[in-house]
Amino acid sequence: AAVNGVVAVVVRIGHAGVRALLLPHVLTSVVLTHVRPRGIARPCAFVLCEVFLIVHSGGREDRHDVAVGVGGRGLIRRDCHTHAFRSPHNGEGNVVALAGRKIRVEVAILRLLDVILTLNSLRFRSVNGGNVKNTGIEVGLHWNDNIGKDFQYGANLTLAHNKNEVTKIANKDGIIHGSGSVLWEGAEECFRAEVGKPIGYFYGYKSNGIFQNQEQIDNYKGPKLNGDKTQPGDVIWADTDNSGTLDANDRTMIGNPNPDLTMGLSLNASWKAIDFSITTYGAFGQQILKCYRDFSSSPLNNYTAEIFQRWHGEGTSDKFPRLSSASSSNWNRVSDIYIEDGDYLKIKNITVGFDFKKAFKKLPVQQLRLYLTAQNLFTFTGYSGMDPEIGYGGDDYGWASGIDLGYYPSARTYMIGLNVKF
């Protein structure tokens, strides 16, 4: 479903055309090459073309013409709806007639068109596509104290609870659809923004476990995706709309990438010339959509060790289905078998320092501090992927998060340094 605003640019050259979708409303280039009309072999030096915009507004699409021109001479900007002119190339009747929503090209001599048309940085006015409401509470606790003259310590704790909800989207169905082909090539959309739901929620099929044996299959009253061909080890798919069939209408919310609670805790202490500090961060209540391989078109590619948890006999797994040497409906659907809890607590920074100035008062400096720092030292999590602290990084969808496609985890870093103050 398109949102209001410019959703496409169409470039048509003779009988050839391309429609370039705009998300988010920025077109960097459109390229067409070697357009060869039938029966024409020799090249010529001119091109007849038009460029127009498809604009979505009020539930319908309208066309707005931008340019009509002759290649090699540059695009001639036109801001009205009907134009007819002769090509300056020769006087042999090369005419472009643009009337309303149609184009007619009459050519007396038209040979090989070798066209490269580039519209660099063609930008359009951004619009407010919807509203998001965040409600919650944040609490900060801070403590600093000392024991005797030489020992000081402090603690800082921040807790934040947040509920995220999309309250308005400026199109007819109240949905901004996510991109396809994210988890693998040809995969259906796996995230979206929808009124009444958290932004970027995960969208797909729900499972109710794994068929463990033939008796369970025979006694199952709900619809089975593979009918009589269902085997032990297949996924029991949920009929979420209670229609009696399993189809695309059964897709629903299968996870939320937004945490319910975030926490930051820092501790610091010093004794005489020695200082110590630790910083932690955690997020809890969110889910992660994880897929490191193409289960659809490449079922024989390498797996992670997690595949040992698959079903391979009665009672061995109630989440991951059996494997197959061919593409299988068990694995090639975006579903909650790819969803994991993403709770984590990270030791973000630990620093230990020694100030020689405090130990040796006669040094001719204000401070001479040697320190050792470790970053991203430990992560406490039940998540099976490489790093639970992930964004997404998908083009044009800055509001999407929590999708793990195998990005490199945060590096563990050790640093040694020296602070000198004169």
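**Exercise 1. Which residues are linked with Lys346 in a network of salt bridges?**

Step 1. The network of salt bridges takes in Lys346, Lys348, Asp387 and Glu389. A salt bridge here is a side-chain nitrogen of Lys or Arg within 4 Å of a carboxyl oxygen of Asp or Glu. This is a predicted model, in which local features need pLDDT of at least 70 and side-chain atom pairs count only at pLDDT 80 or more, while totals for chains, interfaces and linings use all residues. Residues are numbered from 1 along each chain as its sequence is written, and side-chain values use heavy atoms, with hydrogens and water left out.

Step 2. Take the pair Lys346 and Asp387: their closest N and O atoms are 3.0 Å apart. Lys346 belongs to strand 22 (residues 344-355) and Asp387 to the loop between strand 23 and strand 24 (403-404), so this pair ties together parts that are 41 residues apart in sequence. Strands (E, at least two residues) and helices (H or I, at least four) are DSSP runs, numbered from the N terminus.

Step 3. Now the pair Lys348 and Glu389, whose side chains meet at 3.1 Å, N to O. Lys348 lies in strand 22 and Glu389 in the loop between strand 23 and strand 24, so here too the parts tied together are 41 residues apart in sequence.

Step 4. Finally, look at the cover. Lys346 and Asp387 are both buried, where buried means under 20% relative accessible area, exposed over 50%, and partly exposed in between (1.4 Å probe, protein chains only). Lys348 is partly exposed, with a relative accessible area of 25%, and Glu389 is partly exposed at 29%.

**Exercise 2. Which strand supplies the largest share of the nonpolar patch?**

Step 1. The members are Leu370, Leu372, Ile416, Leu418, Val420 and Phe422, which make a nonpolar surface patch of about 650 Å². Patches are made of residues with over 30% relative accessible area and no salt bridge; like charges are joined within 9 Å, nonpolar side chains (Val, Leu, Ile, Met, Phe, Trp, Tyr) within 5 Å. Accessible areas come from the Shrake-Rupley method with a 1.4 Å probe.

Step 2. Strand 23 (367-381) and strand 25 (413-421) each supply at least two residues. Strand 25 gives the largest share, 3 residues.

Step 3. Check Gly417, which lies in strand 25. Gly417 counts as buried, at 12% relative accessibility. Its C-alpha atom is 8.3 Å from that of Arg369, 48 residues apart along the chain.
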